[in-house]
Amino acid sequence: MKDYLIRGIDKTGNIRIFVATTTSMVEKARNTHNTSPTATAALGRALTAAAMMGVMMKNEDDRLTLKISGDGPIGTIMMVANNKGVVKGYVDYPYADVPSREDGKLDVGRLVGSNGTITTIMDLGLKDPYVGQANLVTGEIAEDLAMYYVLSEQQPSAIGLGVLVDKDISVKASGGYIIQLLPDVSDEDINKIEEAISKTPSISSLIDRGLSPEDIMEELLKEFEMEILDKVDISYSCDCSRERIENVLLSVGKEEIKAMIEEDGKAELVCHFCNTKYYFSKEELEKLLVDK
């Protein structure tokens, strides 16, 4: 199944939903970063969330950064997304892993850690970006994001994120949903949604069964008349380039570049998001100093 997400709203305009299937995207990220099984689950959940959050932004040039910094062995999880469904990300320690939970499920909460923060930075083309932050609650990411939305955005949300890792450590199924309650929603409707969520199997198991985002929306909100507003293809893609890496190199300062020339006679920079290596010879470094 191709990765995509849908955005839907009920006929009263009081409930909106985003549902995404992200299996291929998360598998590409796993291959790129060679993550451990539990790190794959953490990275995949964050990528799925960032993809949905990015599509919530209005303009093509808007950019969302999602940063999850816990006290677990995975370190920081960093995601960047736009409103066209393109997302990229990395974790500090992709090989980090922890034992599975007693129920056999991957222990993402322990790998991420529950002491720390979840931060969103939205560059909306204004003078200063919007920054929101909340403390981590469980490290499981979905619960942490739901709390973030309540505390930082004053937006009650129900969030489900899941990654099913196969026996060969590839990604078997991945996806997520965000249900957001708008101001005029009734207590009766809230109770219906809570009951439906409690009875619905995990998002990764639904995707593993072959359900589409449309099917999952129906599964979650069958009590409501839902309309699909749009459908967006999503993908894992890095927009790094040699020119951008040159700018990063220049940002360290001319004195640092001179030191590279004198000490090593070359430089190598690696993009965190896609692991592409960029090599600069002594002559190229010297040319940078002259041209810039």
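The conversation below sets the computed values against their definitions.

Guide: This is a predicted model, in which local features need pLDDT of at least 70 and side-chain atom pairs count only at pLDDT 80 or more, while totals for chains, interfaces and linings use all residues. Residues are numbered from 1 along each chain as its sequence is written, and side-chain values use heavy atoms, with hydrogens and water left out.

Visitor: Why is Thr35 called buried?

Guide: Buried means under 20% relative accessible area, exposed over 50%, and partly exposed in between, using a 1.4 Å probe and protein chains only. Thr35 has 2% relative accessibility, and therefore counts as buried.

Visitor: Where is Thr35 placed?

Guide: Thr35 is in the loop between helix H1 (23-33) and helix H2 (37-55). Helices (H or I, at least four residues) and strands (E, at least two) are DSSP runs, numbered from the N terminus.

Visitor: What makes the pairing of Thr35 with Thr40 a polar contact?

Guide: A polar contact is a pair of N or O atoms within 3.5 Å; within protein, one must be able to donate a hydrogen and the other to accept it, and residues adjacent in sequence count only if both atoms are side-chain atoms. The side chains of Thr35 and Thr40 make such a contact at 2.6 Å. With neighbours within four places in sequence left aside, Thr35 is in contact (heavy atoms within 4.5 Å) with Arg30, Thr40, Leu43 and Pro94.

Visitor: What makes Arg30 and Glu27 a salt bridge?

Guide: The term requires a side-chain nitrogen of Lys or Arg within 4 Å of a carboxyl oxygen of Asp or Glu. For Arg30 and Glu27, the closest N and O atoms are 2.8 Å apart. Both residues lie in helix H1, 3 residues apart, about one turn of the helix, and both are buried.

Visitor: Why is the salt bridge of Glu284 and Arg242 said to tie together parts apart in sequence?

Guide: Their side chains meet at 3.2 Å, N to O. Glu284 lies in helix H10 (residues 282-291) and Arg242 in helix H8 (residues 242-251), so the pair ties together parts that are 42 residues apart in sequence. Glu284 is partly exposed at 34%, and Arg242 is partly exposed at 30%. Elsewhere, salt bridges that share partners join Arg45, Arg101, Asp103 and Glu140 into one network. A search of the whole structure finds 14 salt bridges.

Visitor: What makes E7 and E11 the edge strands of their sheet?

Guide: Two strands pair if DSSP finds at least two bridges between them. The 6 strands form an open sheet with mixed pairing, in the order E7-E6-E3-E4-E5-E11. Strand E7 (130-135) and strand E11 (235-236) each pair on one side only. Strand E6 (residues 117-123) and E7 pair in the antiparallel sense over 6 bridges, and Ile121 stands opposite Val131 in E7.

Visitor: How does H2 run relative to E4?

Guide: H2 runs at about 30° to E4, lying across strand E3 (63-69), strand E4 (76-82), strand E5 (86-91), E6 and E11. Axes are lines fitted to C-alpha atoms, for helices over the stretch in contact, and angles run from 0 to 180 degrees between N-to-C directions.

Visitor: What is meant by a nonpolar core, and which residues touch the most other members of the largest one?

Guide: A nonpolar core is a set of buried Ala, Val, Leu, Ile, Met, Phe, Trp, Tyr and Cys residues joined through side-chain atoms within 4.5 Å. In the largest, of 52 residues, Ile77, Ile141 and Leu145 touch the most other members. H2 gives the most to this core, with 12 residues. A second, separate core of 20 residues includes Tyr4, Tyr177, Val185 and Leu211.
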